[in-house]
Amino acid sequence: QSLKLTTKIIEADYIDQRLTIKCLFKNDAEESIFINQQNRLNYSVSIKDSESSPLGKITTINYDL
């Protein structure tokens with residue numbers, strides 16, 4: 001049985017070879033799984049900002065392209 005990960009992207013920007021996405025995760029574990037998956041796929045990612053909200057965890061992620 002495979003793990004299906006759905007990420008809600010709230011906002012996305014592409015400026016100067018950098019893609020920035022703001023995602024809504026249900027919790028810390030879902031955020032961690034997503035970041036680890038991006039690293040395994042050899043994407044250059046870094047977390048710019050992360051905050052808790054009533055809806056879940058809102059995380060801003062940078063991709064260097």
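Me: Where does Gln38 sit, and what makes it buried?
Reply: This is a predicted model, and in it Gln38 belongs to helix α1, residues 28–40. Its relative accessible area is 8%. Buried means under 20%, so Gln38 qualifies as buried.

Me: Why is the link between the side chains of Gln38 and Tyr63 called a polar contact?
Reply: The two side chains are joined at 2.8 Å. The cut-off for a pair of N or O atoms is 3.5 Å, with one able to donate a hydrogen and the other to accept it. The 2.8 Å pair is within that limit, so the name polar contact applies.

Me: Which residues does Gln38 touch, leaving out those up to four places away in sequence?
Reply: Gln38 touches Tyr43, Val45 and Tyr63. Two of these meet again in the sheet: Tyr63, in β4, is the bridge partner of Val45.

Me: How do you know that β3 and β4 pair?
Reply: Pairing needs at least two bridges. β3 and β4 (residues 56–64) have eight, in the antiparallel sense, so they count as paired.

Me: What makes β1 and β3 the edge strands?
Reply: The open sheet has four strands, ordered β1-β2-β4-β3, with antiparallel pairing. β1 (8–15) and β3 (45–53) each pair on one side only. From one strand to the next, the twist averages 15°.

Me: And which strands does α1 lie across?
Reply: Helix α1 lies across β2 (18–25), β3 and β4, and runs at about 15° to β4.

Note on methods. Residues are numbered from 1 along each chain as its sequence is written. This is a predicted model: local features need pLDDT of at least 70, side-chain atom pairs count only at pLDDT 80 or more; totals for chains, interfaces and linings use all residues. Side-chain values use heavy atoms; hydrogens and water are left out. Helices (H or I, at least four residues) and strands (E, at least two) are DSSP runs, numbered from the N terminus. Buried means under 20% relative accessible area, exposed over 50%, partly exposed in between (1.4 Å probe, protein chains only). Contact means heavy atoms within 4.5 Å. Axes are lines fitted to C-alpha atoms, for helices over the stretch in contact, and angles run from 0 to 180 degrees between N-to-C directions.
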